[in-house]
Amino acid sequence: DVFYLCWAATLVFSMQMGFAMLSAGAVRKKNVQNIMLKGVLDACLGAIIWYLWGYGIAYDGDVGIDGHEGNPFLGTGTTNYALSGLIGDSQAPYGSDWVMWFFQYAFAAAGATIVSGAVAERCNLTAYLVYTGVITGFVYPIVVHWVWDSSGFLSAGNSDNDVRWGTGVIDFGGSGVVHMTGGMAAVVSAKILGPRRGRFDENGKPNPGFMGHSTA
């Protein structure tokens with residue numbers, strides 16, 4: 001089971017290469033390195049943030065321990081913050097808890113990278129890294145907690161009828177939690193930034209100088 005989850009996480013993380021190729025082919029040749037760098041920094045910064053507090057917000061590892069009750073909106077237990085509660089083999093048999101962090105991180109990185117193509121060629125690198133920190137460390141983990149954590153108020157696995165909203169939500173593949181969250185962030189970002197300068201002429205027709213390529 002641990003190997004399978006690790007293998008599945010690797011496949012999910014491989015989506016980063018697909019995002020990179022798609023984004024690189026959609027920008028001008030002079031900006032290929034920039035979009036590639038954003039993808040790398042996205043994954044690196046996202047890993048640090050997801051490790052320190054993102055995973056802890058998403059999944060409360062202390063529910064039922066010493067009377068700790070789960071919060072329906074975000075994780076409040078300390079175990080999954082910087083994985084501080086996973087010490088020694090006795091608390092993480094066969095590495096299942098560790099590989100689960102990697103599996104969930106792969107989804108977090110994918111959700112954050114969805115936006116890179118939507119803001120390509122018109123977003124400052126520093127501003128993009130700030131966005132990465134916000135969505136990986138705050139926005140995405142909270143949505144994950146709502147739907148995938150057993151304490152979340154949208155989770156079908158929440159047995160508390162007074163807390164759970166309706167019958168709950170089942171999102172097995174992440175179409176809502178991952179892709180809808182990243183997609184909505186992309187739509188909002190694109191709306192705020194607008195089209196690239198010179199992308200369309202005065203008649204609203206596409207500028208041929210912005211055609212895709214296969215440099216990467």
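**View 1. Helix 3 against helix 5 in a predicted model**. The two helices pack at about 35 degrees, with axes 9 Å apart; axes are lines fitted to C-alpha atoms over the stretch in contact, and angles run from 0 to 180 degrees between N-to-C directions. Helices are DSSP runs of H or I with at least four residues, numbered from the N terminus. Helix 3 passes helix 5 in a right-handed crossing, meaning that the near helix is turned clockwise from the far one by less than a right angle.

Residues are numbered from 1 along each chain as its sequence is written, and side-chain values use heavy atoms, leaving out hydrogens and water.

**View 2. Helix 2 against helix 3**. Helix 2 (residues 15-26) packs on helix 3 at about 155 degrees, with axes 9 Å apart, so the pair is roughly antiparallel (angles over 145 degrees). Look for Ala20 and Met21 of helix 2, which are among the residues meeting helix 3, where Val32 and Gly39 are included.

**View 3. The largest nonpolar core**. Here 37 residues come together as buried (under 20% relative accessible area, 1.4 Å probe, protein chains only) Ala, Val, Leu, Ile, Met, Phe, Trp, Tyr and Cys residues joined through side-chain atoms within 4.5 Å. Helix 4 (96-118) gives the largest share, 11 residues.

Definitions and conventions:
This is a predicted model: local features need pLDDT of at least 70, side-chain atom pairs count only at pLDDT 80 or more; totals for chains, interfaces and linings use all residues. Buried means under 20% relative accessible area, exposed over 50%, partly exposed in between (1.4 Å probe, protein chains only). Angles under 35 degrees count as roughly parallel, over 145 as roughly antiparallel, 65 to 115 as roughly perpendicular and the rest as oblique. Contact means heavy atoms within 4.5 Å.
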